[in-house]
Amino acid sequence: MPWDQLFILERPFSDPALPGRQFYCWHCLLLDGLLSAFPSRAARLDVRRIPWARPRAALIERLGQDHQSAPVLILEKESPIPVNAKYANGLAYVDDVFAILDLLAVRHGFPASYRRTVRSW
């Protein structure tokens, strides 16, 4: 059964340009936290944790050399594709963390993100 694939960076990772320090991608950590909070829903996804260092072979294999950014949600072909999807190698994908959050709610039953744009005091 084909499933949506979510690629997020492993944590922590090191950058050789900044020796002695460790880092995380906050976008990926946000998604990883959501997956951890709702494991039964996360089980409906093919989650791939990939190394920070490039080249990122798993993404190159799916989307091509020019598309190595993470996080990225590659959409299963048989499901409806949102209008904001991008395309590479014949695959639809979304690489904006907020769009990914919305799609996880719509396509996989995660609770929706509660975003308040105007605070009332």
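Is the crossing of H1 and H4 right-handed or left-handed? The crossing is right-handed, where right-handed means that the near helix is turned clockwise from the far one by less than a right angle, and left-handed anticlockwise.

This is a predicted model, in which local features need pLDDT of at least 70 and side-chain atom pairs count only at pLDDT 80 or more, while totals for chains, interfaces and linings use all residues. Residues are numbered from 1 along each chain as its sequence is written, and side-chain values use heavy atoms, without hydrogens and water.

H1 and H4 pack with their axes 10 Å apart, at an angle of about 15°; axes are lines fitted to C-alpha atoms, for helices over the stretch in contact, and angles run from 0 to 180 degrees between N-to-C directions. The two helices are therefore roughly parallel to each other (angles under 35 degrees; over 145 is roughly antiparallel, 65 to 115 roughly perpendicular, the rest oblique). Contact means heavy atoms within 4.5 Å. Residues in the H1–H4 contact include Trp26 and Leu30 of H1 and Phe98 and Leu101 of H4.

Helices (H or I, at least four residues) and strands (E, at least two) are DSSP runs, numbered from the N terminus. An open sheet of five strands has mixed pairing and the order E2-E1-E3-E5-E4; strands pair if DSSP finds at least two bridges between them. Both helices meet strands of the model as follows.

| Helix | Strands | Angle |
|---|---|---|
| H1 (residues 26-37) | touches E1 and E2 | about 125° with E1 |
| H4 (residues 97-108) | lies across E1, E3 and E5 | about 40° to E3 |
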